[in-house]
Amino acid sequence: MKALAELYTQAGQYAKGLLADLELTRACPADPMVWYNLACSHAVLKHKDEAISALTLAVDLGYRDFPWMRQDKDLESIRDDRRFRDLLAKSRA
């Protein structure tokens with residue numbers, strides 16, 4: 001399922017990728033990477049609140065690749081959001 005979600009996203013089929021990512025969160029609710037990918041899917045579809053919520057959960061579950069988070073183009077739509085900057089501040093704490 002992870003590979004399918006990634007393929008949908010790479011092919012620009014973001015809505016289908018989002019559905020696959022949502023399914024993955026039900027199958028792997030404690031996996032921070034699954035929540036990070038869900039955040040990316042929401043962000044590319046400009047679902048800012050959902051993207052921030054999923055990204056927050058990813059960080060809470062242990063996602064720590066903050067350098068990538070800063071440059072990930074999928075997160076472009078939330079980069080200027082204060083909540084995104086607050087999450088990045090956790091990397092400095």
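Trainee: In this predicted model, which residues of the largest nonpolar core touch the most other members?

Mentor: The largest nonpolar core has 21 residues, and the elements that give two or more residues to this core are helix 3 (32-44), helix 4 (48-60), helix 5 (66-71) and helix 6 (82-89). Within that core, the residues that touch the most other members are Tyr 36, Leu 55, Met 69, Leu 75, Ile 78 and Phe 84.

Trainee: Which residues does Ile 78 touch, not counting residues up to four places away in sequence?

Mentor: Ile 78 is one of the core residues that touch the most other members, and Leu 55 and Phe 84 are among the others named with it. Once residues up to four places away in sequence are left out, Ile 78 touches Lys 48, Ala 51, Ile 52, Leu 55 and Phe 84.

Trainee: Why do the buried residues of helix 6 line one face of the helix, and which helices do they pack against?

Mentor: The buried residues in helix 6 include Phe 84, Leu 87 and Leu 88. Seen down the helix axis, the buried residues of helix 6 fall within an arc of 100°, so they line one face of the helix. The partners against which these buried residues pack are helix 4 and helix 5.

Trainee: At the start of helix 6, which backbone nitrogen does a side-chain oxygen of Asp 81 reach?

Mentor: The contact lies at the start of helix 6, where the oxygen comes from the side chain of Asp 81.

Trainee: What is the geometry of the aromatic pair formed by Tyr 36 and Tyr 63?

Mentor: The structure holds 1 aromatic pair, and that pair, formed by Tyr 36 and Tyr 63, is stacked. The pair links distant parts of the chain, with Tyr 36 in helix 3 and Tyr 63 in the loop between helix 4 and helix 5, 27 residues apart. Both Tyr 36 and Tyr 63 are buried. For the geometry, the values are 4.3 Å centre to centre and 10° between the planes.

Trainee: For the protein as a whole, what is the radius of gyration, and what would a compact globule have?

Mentor: The protein has 6 helices and 0 strands, and its C-alpha trace spans about 35 × 25 × 20 Å along the principal axes. Buried residues make up 37% of the 93 residues, while residues 24 or more positions apart account for 45% of the contacts with a separation of 6 or more. A compact globule with 93 residues would have a radius of gyration near 12 Å, which agrees with the value for the protein, 12 Å.

Key. Residues are numbered from 1 along each chain as its sequence is written. This is a predicted model: local features need pLDDT of at least 70, side-chain atom pairs count only at pLDDT 80 or more; totals for chains, interfaces and linings use all residues. Side-chain values use heavy atoms; hydrogens and water are left out. A nonpolar core is a set of buried Ala, Val, Leu, Ile, Met, Phe, Trp, Tyr and Cys residues joined through side-chain atoms within 4.5 Å. Buried means under 20% relative accessible area, exposed over 50%, partly exposed in between (1.4 Å probe, protein chains only). Helices (H or I, at least four residues) and strands (E, at least two) are DSSP runs, numbered from the N terminus. Contact means heavy atoms within 4.5 Å. The arc is that of the directions from the helix axis to the C-beta atoms. A polar contact is a pair of N or O atoms within 3.5 Å; within protein, one must be able to donate a hydrogen and the other to accept it, and residues adjacent in sequence count only if both atoms are side-chain atoms. Rings of Phe, Tyr and Trp (its six-membered ring) pair if their centres lie within 6.5 Å; planes under 30 degrees apart count as stacked, over 60 as edge-to-face and the rest as tilted. The radius of gyration is taken over C-alpha atoms; the globule rule is 2.2 Å times the number of residues to the power 0.38.
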